[in-house]
Structures are given as C-alpha cells and as structure tokens.
Amino acid sequence: MTDYPHLLAPLDLGFTTLKNRVLMGSMHTGLEETKDWDRVAEFYATRARGGVALMVTGGMAPNREGGVFPGAAGLFSAEDIANHKIVTDRVHDAGGKIAMQILHAGRYAYSPDCVSPSGVKSPISPFPPKELDEDGIEKQIADIATAASRAQDAGYDGVEIMGSEGYLLNQFLVTHTNKREDRWGGSYENRMRLPVEVVKRVRAAVGSNFIVIYRLSMIDLIPNGSTWDEVVLLAKEIEKAGATIINTGIGWHEARIPTIATSVPRRAFTWVTKKLMGEVSIPIITSNRINTPETGEDVLAEGCADMVSMARPFLADPHFVAKAEAGAPDEIAPCIACNQACLDHTFGGKISTCLVNPKACFETELVVTPTTSAKSVAIVGAGPAGLSAALTAAERGHKVTLFDKSHELGGQLNMAKQVPGKEEFFGLVDWYKTMVSKSSITLQLETEATPSMLSDFDEVVIATGVLPRDTKIDGQDGPNVVSYIDVLRAKAPVGKRVAIIGAGGIGFDVAEYLTTDDSPTIDLDAWMEEWGVTDPALRRGGVAEGGAKPEAPARQVTLLQRKSEKLGKRLGKTTGWIHRAALQMKGVTMIGGVNYERIDAHGLHVSDGEARENPRVIEVDTIVMCAGQVPLRSLADELIAIGRTPHVIGGADVAAELDAKRAINQGTRLAASL
Ligand code: NAP
Ligand code: SF4
C-alpha cells in the first residue's frame, strides 16, 4: 500500500491513460537552442525513466514574431520535426509521454518585431509591440494550429497551449493590455475569442486522439486582471473548444508578487485551482511550489485538482516519482525553489541546471560511472562542496571518509535555513543526512582533521569552507559588534536598532532575519496579507485592495555597502527584486557609497564617497558584520607544505562569489573524475 494513493493513481483521458497524476511542467532550459538533440533527448528520457506520467517541453515558438527571443526554438522545418522526433522516440522508449508547449510571447517577446492586441508596452520589455490587425490575428491562430500539427508529426503525445503568465493569449483577455474595439476586444466574450479560437483550431488540426492542454491564468496578480467569473467562463469555453486538460498559470511575469520563489509558501495557490473544480468536466492540473510527494498527495486528496504539475523538482531529482513509488520519499533530492541554477541561468542566457543536482541538463556530459579502481578518499568539510563530493565518490565505489569539526552535516546550509523564507534549506540538509546515512561513507564528525590523520588516504579533498572577512574597521572588536555567524548560528542577542555592514546575499538574509519575527512562508494567510494577494472573486486579478500589508518590523535596520550601486544589484536575477521589496516593506534603510570610519558606543560612524563627506553616526545598538568571506585553507596549505597534493574545492578554493551552486557543482565534478 502506497502513502500516495491519489498521486500515483492513473488518469484515463479516454483515448490514452496517464500512469499517475504527476506532470512535469514546462521549463525553458535552453537545451533545444543548443541543437544537440541527443542531449535534449537524454534530458527528457532520464525524467521519463524516473516515472513522471507526462512532461511538457519548454515553450516552442509558433512563428518568429512569437518567440520569447530572436532565434527561439520552434518547429519551422522538416529538419526541426525530425530533430524533435529524436526526443519523442527516446521518451517513448523510456515509457514516458511528452507534450510540446506552444508559447506565443506576444508583447513579452524580446524583439522589435513583437506583437500584441493593442500596442501597450510591457514594463519588463524594452520593445513597444505592434498592434495586430485582423489578418495578423488570423496568422497567429493559423501558426499556432500549424505548430500543433507539426508537434503531432514529430511524435509528441500532445501540446500545451500557453495561455497564462501574461503571454499573447493572456494579453487578449484583460483590458490591461487589450484596448481593442473590434470583435477581439471590448466585452469579455470578445476578449476571450482568441484563446477559444486557438483551442478550436488546434483541435481541428490534430484530431481527437491527441492531448491538448490549455494553461489558463487562474489569478493574474496584476491590476485589471481577470475576475473569477471570467476565469470560470473561459475554462468552460476552453473545454467546449476541445481541450483535454486545463493546467494552471499563476501571475503574469510583470506581477510584483512572487509566485514560485522559495519564500512563497508551499502549495500557495492550490486554493485557486480548487475553486475551478466542478466547473468543468475535464481534468484540472494545479501548480506552483509543490515539491514533495506528501504535498502533492495532500493537494489531490483535498480535491484541489486532478493532477499536480511540478517543474523544478524534476531538475533537482528526475526520479521523484519512482522514489515516491518505491516508498523512499526521503531520498528525493529537494528543489529548494532558489532559482539560482535554473531560472537565473535562463535569464542570464545560460543553460539551466540545478543547484542541488548539477547533472540536470548535463546528462550527457556529467556522467557518474562506477570506478574501476576504488580508492580511499578523505574529504574534510561536510558543507555542500564536501557532501556532494563524498556522495558522488561513494556512489562510484570509492571508500570515503568524511570529516567535519562540527557535530552536524551541512556547513553554511545550517545558517541559511534559519533565515525566514529559506525554510526549504531544512529539507536539503535532511536530504544530505539521509543520503549519507544510506551510503557507505564513514562519518567522522566533531573531528578536526590533521595532516597526519590524512596520510594514508589515496586522495584528499579539502572542503573546509570560509572565514568571515576581517574588515579592519576601528572599533570592530567592541561589545556591540557581532558577525552573521554569531547571529544565525549562536543566536547572539541583537538590539532593536541595527546596522548591517555588507549588503551581499548574507547581508540581505540577516536583514530579513532581524526584521521578521514569524516567517510568513509557513503561514499562507500571513503571506497573502504581506504581499497583497486575495481571492480573484473579491478583486480583479487577485490583487488585494490597498496592496501589500507587511507585519511591522521586529527591528529598525540599516543595511550598508561601500559601492555606490543599488543595493542588491548582484542578487539573483529572478529573486533579487523580491529580497529588495521584502526589506523595503520592512522599512530597512539601504545606504550605498559609504566609508566605515569607526565604531564606538554610539554606533557606526560613516561618511560618503571618496571625499569622505557628510560624516555622521548611525546610532544603533548592534552592528552585524556581513562583509564577505575569505578561504579557510590552512589545512590544504599544510598538506602542500609536506608534499601532498590535495584537491581544494568550494569556499576553501575561491571564497569570492561562493554559493552552494558552485560548491555542489565543483564537488560533484571532482568526485566524478577521481
Ligand atoms: P558577498 O556577496 O561577497 O557580499 C559581501 C558584502 O560585503 C558586499 O556587500 C561588500 O560590499 C561588503 N564588503 C566586502 N569587503 C568589505 C570590507 N573589507 N569591509 C566592509 N564591507 C565589505 O558575500 P556574502 O554576502 O557574504 O555572501 C557570500 C556568498 O553567498 C555570495 O556569493 C552570495 O551570493 C551567496 N549567498 C547567496 C544568497 C542568495 O540568496 N542567493 C544568500 C546568501 C548568500 P562593498 O564592498 O560594496 O562594501
Ligand atoms: Fe530548484 Fe534551485 Fe534547483 Fe532551480 S536551482 S531546480 S530552484 S533547487
């Protein structure tokens, strides 16, 4: 008897059956644009082997003007169709099913040729869109239908029509972007004509035995978004037009409310999908911040949907479903919703991968194979770098001993998990503990490794991490100065007025920690209040009257840096705005371009710019040092001095811009090559 009877139940679609209720949602990984079709095929086939019922590809452009960016992948030629056939064949051989997403970006296309209902420029794109005329609209419909029939020719099991997230079809639906007065604008019946017509024409093009998913924006999270009545009406018309399944989209890309970041509570929007249950008779899929089989099971058992969509969790662990089926959910590598290696890569023009699983999207390149000559491997440091090296080396058959002077595994991850909004890090540390306990690794905690202890090992890996940087500010040894480690690990007392020196990732995290008493991430009602989310039946688009209503800050915090650029500029591309907005809501004062003159009992003395103008004291009770780190590599140096050649990874190697993504990637790759 499984713990997940709803999640693992098959779903009969009439002409075909899905083997369980799990959909791998669409992700733009950048793989298709590499044109390395063996690599694309292996990415999807790996996930098909992992047991997911149905996968949706990244968005494929139906035509040049609809591509998310110039050169975006699509099925434009016989050669494209043949290439996609490589993928679908491999997926089918692996026992999976795959649908191709057709994504027309409309005014979100990063191109001067972008088109839209009314020429209203998007706040997140530099290009004013061209208003479509009647012929232009007909061309878009015809191109989407053609893309669907080409997907069928390429062997796909279905298509997903992207109707949410503020892309073209969504742009027609709301007056925010549709100002037309012809039959494609004005009344809601007119505004929904395009999405409904698209579904009808796609169905006509592909026949009845082909999955057509329509991704419907259930809560737009923008002013003048759809009302709930409009959402329900659209869903009914989409069903009538021939869709097989309705999938859920949450929020437009331009919405200033986070929808998938780690600080969003788990399953934060399943209540929205639940409202649609019973309104249509085709299956409904829910999505966003579902990352464990338990959560998926609860969502289905509570009648919130017929299926769950998870996207990023399949980057973190392609075998999510197989492990749930096998009764080993604790072995599923958790997606911590950080976006650092997936969406941040996409928006940075890089191939997606995963912080937790660097093999994601690198299946043909980073291959972990059993070793032919087992070695004894000592790994010093059980943070993310050391842990990933240890697990990979042990998986390959090496005899691994893992040392750490702490009593627990996880290194700096144990500090990250203390930060409100980063609760997912608990799961990551727990996963490492599980995997180490189930491996052959010999664990030596509370042990400070010395060169003599390491003398008999064939290979030594130093992953000893970092030390806080010495800022050499006059007065830094005073009783009112603490480091981020004192605050996050030792829970050092901190006064009501605080200055934070350093506004990198850790400075922002500490500011969040010091201003927040109760994390809204574990209280959905509080989170919705904080960000101004409400029921779309009450307010258009689900944007609460009066907007965000954050809790009063627990402390008065000033966050400082020496650079004169905007604070938080170097945080993650897709999450930096959330961290900045969260601190602004907490009234955190952000000051750049300062010199730290000295610290005394009054507080922190600063001045501005090179000319050291405007000398003043920021009167605070406590000053927290978050000024970056330097490598802790004394053990490596001692080993080198006696003629050993240790491998140095993670922060012990390069501390600058270190994060768990680089540490885990480096640890995994080293161990794959030992
Ligand atoms: P960081 O990002 O390098 O930031 C260090 C901060 O200290 C900067 O604001 C820097 O600004 C300041 N600083 C540097 N030298 C200083 C000095 N001598 N005196 C005073 N201030 C100095 O490092 P971090 O915040 O410690 O974070 C470490 C790593 O963890 C980073 O790579 C970060 O991306 C990662 N991390 C990521 C997240 C996340 O959410 N993605 C969260 C936490 C940490 P100025 O030089 O302008 O003063
Ligand atoms: Fe999840 Fe982060 Fe991996 Fe993206 S990089 S899949 S958000 S853990």
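I began at the ligand, where an oxygen atom of ligand 1 lies 3.5 Å from a polar backbone atom of Cys-626. I note at once that this is a predicted model, and I read each distance below as a computed value.

For Arg-469, an N or O atom of the side chain is 3.0 Å from a nitrogen atom of the ligand, and for Gln-629 a side-chain N or O atom is 3.2 Å from a ligand oxygen. I also checked how much of the ligand is covered: ligand 1 exposes 890 Å² when taken alone, and the protein buries 79% of that area. Listing the surroundings gave me 21 residues around ligand 1, with Ala-503, Ile-506, Arg-562, Lys-563 and Leu-658 as the closest.

Next I turned to the domain assignment, which divides the protein chain into domain 1 (11–333), domain 2 (376–467 + 630–673) and domain 3 (470–516 + 553–627). I followed the pair formed by domain 1 and domain 2, whose centres, taken over C-alpha atoms, are 40 Å apart. Their contact draws on 9 residues of domain 1 and 6 residues of domain 2.

For the extent of this interface I looked up the buried area, which comes to about 700 Å² between domain 1 and domain 2, with carbon and sulfur atoms giving 46% of it. On the domain 1 side, I found that Thr-262, Asp-330 and Glu-331 together supply 62% of the area buried against domain 2, more than any other three residues.

I then asked myself which side chain meets that of Asp-330 in a salt bridge. The partner is Lys-438, with an N to O distance of 3.5 Å. Asp-330 therefore falls inside the 4 Å cut-off for a salt bridge, and I note that this residue also belongs to the three that lead the domain 1 share of the buried area. Across the whole interface of domain 1 and domain 2 the rule finds 4 salt bridges, and 5 residue pairs are in polar contact, both partners being at pLDDT 80 or more. By class, I recorded 2 nonpolar, 3 polar and 4 charged residues on the side of domain 1 that touches domain 2.

Notes: Residues are numbered from 1 along each chain as its sequence is written. Chains are lettered from A and ligands numbered from 1 in the order in which they are written. This is a predicted model: local features need pLDDT of at least 70, side-chain atom pairs count only at pLDDT 80 or more; totals for chains, interfaces and linings use all residues. Side-chain values use heavy atoms; hydrogens and water are left out. Domain bounds come from an automatic or database domain assignment. Contact means heavy atoms within 4.5 Å. Buried area is the accessible area (1.4 Å probe) that two parts lose on being put together, summed over both. A polar contact is a pair of N or O atoms within 3.5 Å; within protein, one must be able to donate a hydrogen and the other to accept it, and residues adjacent in sequence count only if both atoms are side-chain atoms. Ala, Val, Leu, Ile, Met, Phe, Trp, Tyr, Cys and Pro count as nonpolar, Asp, Glu, Lys and Arg as charged, and the others, Gly among them, as polar. A residue is near a molecule or strand if one of its heavy atoms lies within 4 Å of it. Accessible areas come from the Shrake-Rupley method with a 1.4 Å probe; for residues, only the protein chains shown count as cover.
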